[in-house]
Amino acid sequence: MAPALAWLTALMVVPCALVLALAFFQRGIYGGIEYTFTLGNFGLVFDPLYAGIFLNSARIAGTATLVAVIIGYAAAYAIAAAPRRWQPAFLFFAVLPFWSNYLIRTYAWIVLLNREGLITQLLRWFGYTGEPPSMLYTEGAVIAGLVYNYLPFVILACYAPLSRLNPELAEASRDLGASAMTTFRRVILPLTVPGIAAGAVFVFVLSIGNFVTPALLGGGRFQMIGNLVYDQFLTANDWPFGAALAMALIAIMLIVLMAQALAADRAAGRIAEARGGADG
Amino acid sequence: MAERSPATRRTLWLVLSLVFAFLYIPIAVLVALSFNQGGQPTVWSGFSLKWYASLAGNAAILSAALNTLIVALVSTAIATLLGTLLAIGVEMRRQYGRGLEALIFAPMIIPDIVLAIALLSFFSLLDFTLGLHTIILAHVVFNLAFVCSVVRARLKSFDWSIVEASADLGASALTTFRRVTLPVILPAVVAGALLAFTLSVDEFIIAFFTAGAGRASTTLPMQIYAMIRFGITPEINALATIVMAVSITALTLSQRLNRGVIGQ
């Protein structure tokens with residue numbers, strides 16, 4: 001195991017530590033790195049211009065997460081309710097697209113949404129004669145791309161607790177006079193929170209650091225943190241600031257992961273309580 | 001599951017149909033258009049294989065495909081070896097610190113863009129010449145983590161007492177590994193290797209940052225990205241269909257070998 005750990009240390013831990021160190025240096029006049037200590041790069045992260053991009057990214061990632069969780073939960077619920085012997089096949093086909101190339105799955109949406117794409121042609125077929133709607137290069141397109149790419153994971157994450165749900169709990173709730181809606185809200189939903197949280201964190205973390213989808217479906221008009229980091233390293237040549245942005249991204253990720261761990265802990269407590277109640 | 005009213009059941013089927021339509025229509029449209037005769041990338045005008053033929057004559061795409069194959073094969077070989085040994089080492093000890101867990105888990109969750117810039121900074125600080133070899137070094141990082149997690153899942157149910165028994169009967173450590181441990185974990189090792197191969201074939205951002213300037217070390221995803229930025233063409237549709245077919249085949253095979261481990 002030593003060679004593997006050495007590999008990870010040399011090519012992940014050391015480079016990441018280097019980025020952290022880089023964030024405290026200054027940008028040289030000609031774009032290089034000047035080795036003088038500064039906190040200015042982190043200050044710049046909070047500059048309204050860049051803070052705005054962070055908020056933008058959070059909003060886009062948040063919307064994508066919400067949409068993906070709603071669709072993914074509904075899909076997982078429907079799969080868990082299907083006849084048992086079909087469930088593995090449904091699950092397999094729900095995850096299959098996730099295994100194909102990310103770029104290509106994103107590209108597929110350019111084909112659908114572009115001005116002469118399938119959606120425009122469908123509209124024409126239904127008798128629409130006006131200008132083709134501009135759907136590509138909008139925030140909606142970016143969100144659609146993110147939801148499409150990460151939906152399979154939400155389905156998978158939500159299916160696990162839904163399939164393990166004890167049907168007697170829902171029956172008991174109904175026997176006690178609760179409506180279907182109340183049963184869902186008070187019994188099923190709380191017990192499946194860990195799955196929702198895992199799926200949501202996955203979508204949010206991957207979306208907020210995403211670079212490809214905003215670049216391709218947003219047409220460069222919707223900058224997200226990932227694009228900003230990319231620019232600092234490959235076009236603006238301000239590596240220290242790019243490094244500070246990357247560290248801010250990691251910080252956001254860690255906060256989200258800790259929130260998930262907390263939610264999972266609390267849900268585990270509730271589930272233990274529900275189990276105890278059902279047994280006793 | 002409890003009995004449901006016909007209305008509820010209809011709603012559930014509707015949900016399933018809509019979700020599967022959402023997941024598969026974009027891919028289906030892309031695949032269908034790759035067989036399109038006309039030059040319009042999005043308007044159907046008859047069946048043809050000419051875009052596949054034109055791919056075969058495109059030198060840039062062929063060289064990118066060759067680069068991708070080299071990177072994927074070499075990084076998969078290294079990652080499979082290191083990842084498997086790591087998995088055995090970690091599982092044999094049973095007690096492992098949280099630090100070790102985090103180290104193995106990190107490559108799977110660290111945002112690609114962060115690992116990409118970290119490696120770029122690292123390589124340029126060391127004055128490394130960038131090229132296919134730096135992409136390979138980088139790809140091994142996440143590939144070995146994935147191989148390790150697949151093999152570890154298999155080892156969870158492994159009975160270590162048979163390893164002791166083999167040693168007691170006088171087998172050397174190598175013989176024990178070859179005759180006892182390896183046969184048990186082999187399906188997981190192959191599954192992990194197939195997963196690593198696919199991840200490497202599909203990986204774009206880290207390759208993009210660690211490939212360096214110049215076309216010599218362009219990989220297939222980099223080539224596809226450049227083509228997409230330039231505009232949509234029927235040729236991309238054909239290339240996308242081939243790449244998708246390769247990754248889906250490799251991963252279906254991997255899933256077969258290792259039922260239920262991937263994706264959990």
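Leaving aside neighbours within four places in sequence, B:Leu119 is in contact with A:Leu11, A:Pro15, B:Ala138, B:Ile206, B:Phe209 and B:Thr210, where contact denotes C-beta atoms, placed from the backbone, within 7 Å. The model is predicted: local features need pLDDT of at least 70 and side-chain atom pairs count only at pLDDT 80 or more, while totals for chains, interfaces and linings use all residues. Residues are numbered from 1 along each chain as its sequence is written, and chains are lettered from A, with ligands numbered from 1, in the order in which they are written.

B:Leu119 also belongs to the largest nonpolar core, which has 168 residues; within this core, B:Ile117 and B:Leu119 touch the most other members. Such a core is a set of buried Ala, Val, Leu, Ile, Met, Phe, Trp, Tyr and Cys residues joined through C-beta atoms within 7 Å. A residue is buried if 20 or more other C-beta atoms lie within 10 Å of its own, exposed if 12 or fewer, and partly exposed in between. Helix H7 (residues 139-164) of chain A gives the most to this core, contributing 17 residues. Helices (H or I, at least four residues) and strands (E, at least two) are DSSP runs, numbered from the N terminus.

Between the two chains, 61 residues of chain A are in contact with 57 residues of chain B. On the chain A side, helix H1 (residues 2-22) supplies the largest share, 13 residues. This side comprises 52 nonpolar, seven polar and two charged residues; Ala, Val, Leu, Ile, Met, Phe, Trp, Tyr, Cys and Pro count as nonpolar, Asp, Glu, Lys and Arg as charged, and the others, Gly among them, as polar.

Chain B itself has 11 helices and zero strands. Its C-alpha atoms fill a box of roughly 70 × 70 × 30 Å along the principal axes, and 45% of its 264 residues count as buried. Among contacts in chain B between residues at least 6 apart in sequence, 79% join residues at least 24 apart.

Residues 55-88 of chain B are 94% helix and 0% strand, with end C-alpha atoms 43 Å apart, whereas residues 180-199 of chain B are 100% helix and 0% strand, with end C-alpha atoms 29 Å apart. In chain A, the spans listed by UniProt under the name "transmembrane region" (unreviewed entry) include residues 89-110 and 141-162. Residues 89-110 of chain A are 73% helix and 0% strand, and residues 141-162 of chain A are 100% helix and 0% strand.

Terms used. UniProt positions renumbered as here; feature names shortened; annotations may be inferred.
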